[in-house]
Amino acid sequence: MRGRRQGDLGRRFRGESRHKVDSKGRVSIPAMFRRVLEASDPNWTEGLTPELVIVYGDHRRSYLECYTIEAIEEVDAKIDRMPRGSMQRKMLQRLFHGQSFPTNVDETGRIVLPAKLRAKIGLEGEAFFIAAGDTFQIWKPETYETEELTRTEEWLDAFDKDFDPLELLDAAPEE
């Protein structure tokens, strides 16, 4: 784990942004996201382009989840610990191995989203990127605004008006 102290959680993606998608499916990755991809790719060195894995998943998913190499290796290790032949292992392998697209960021900071992935989420002229800890998501902007933003607002509205989401951290289980 290059550049980290033992026990650190590693770098996290933070923020959100919109970027144009060209007719070939090329889209720029936010610069801060590229730094996290580099730091979380054990094979990356100066002059190389960082790798990532895009998981497009099942029919219920309306976004693309982009995993750093370290994050997807953690998922793979957990799947590998499951009993061979179990339905859960088979399904998770299908969702995370079969329904995924390994790629890398090119020298100009872009990735190419294949037509299949763009069609799955209805992505056309613009992509919305949002951080999700050790992953980030790519959405069609309108879908994010109508689905995910609404879900977040509904979740918050279920709490008292003076509720602070930081209160939930005190209830989180310790590892």
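A: Angles under 35 degrees count as roughly parallel, over 145 as roughly antiparallel, 65 to 115 as roughly perpendicular, and the rest as oblique. The model is predicted, so local features need pLDDT of at least 70 and side-chain atom pairs count only at pLDDT 80 or more, while totals for chains, interfaces and linings use all residues. Residues are numbered from 1 along each chain as its sequence is written, and side-chain values use heavy atoms, with hydrogens and water left out.

Helix α2 spans residues 69-80 and helix α3 residues 87-98 (helices are DSSP runs of H or I, at least four residues, numbered from the N terminus). Their axes lie 10 Å apart, at an angle of about 160° (axes are lines fitted to C-alpha atoms over the stretch in contact, and angles run from 0 to 180 degrees between N-to-C directions). Helices α2 and α3 are therefore roughly antiparallel to each other. Their crossing is left-handed, a term for a near helix turned anticlockwise from the far one by less than a right angle.

From α2, the residues Ile72, Val75, Asp76, Ile79 and Asp80 meet Arg89, Leu92, Gln93, Phe96 and His97 of α3, contact meaning heavy atoms within 4.5 Å. By class, this contact has 5 nonpolar, 2 polar and 3 charged residues (Ala, Val, Leu, Ile, Met, Phe, Trp, Tyr, Cys and Pro count as nonpolar, Asp, Glu, Lys and Arg as charged, and the others, Gly among them, as polar).

Conventions:
Helices (H or I, at least four residues) and strands (E, at least two) are DSSP runs, numbered from the N terminus.
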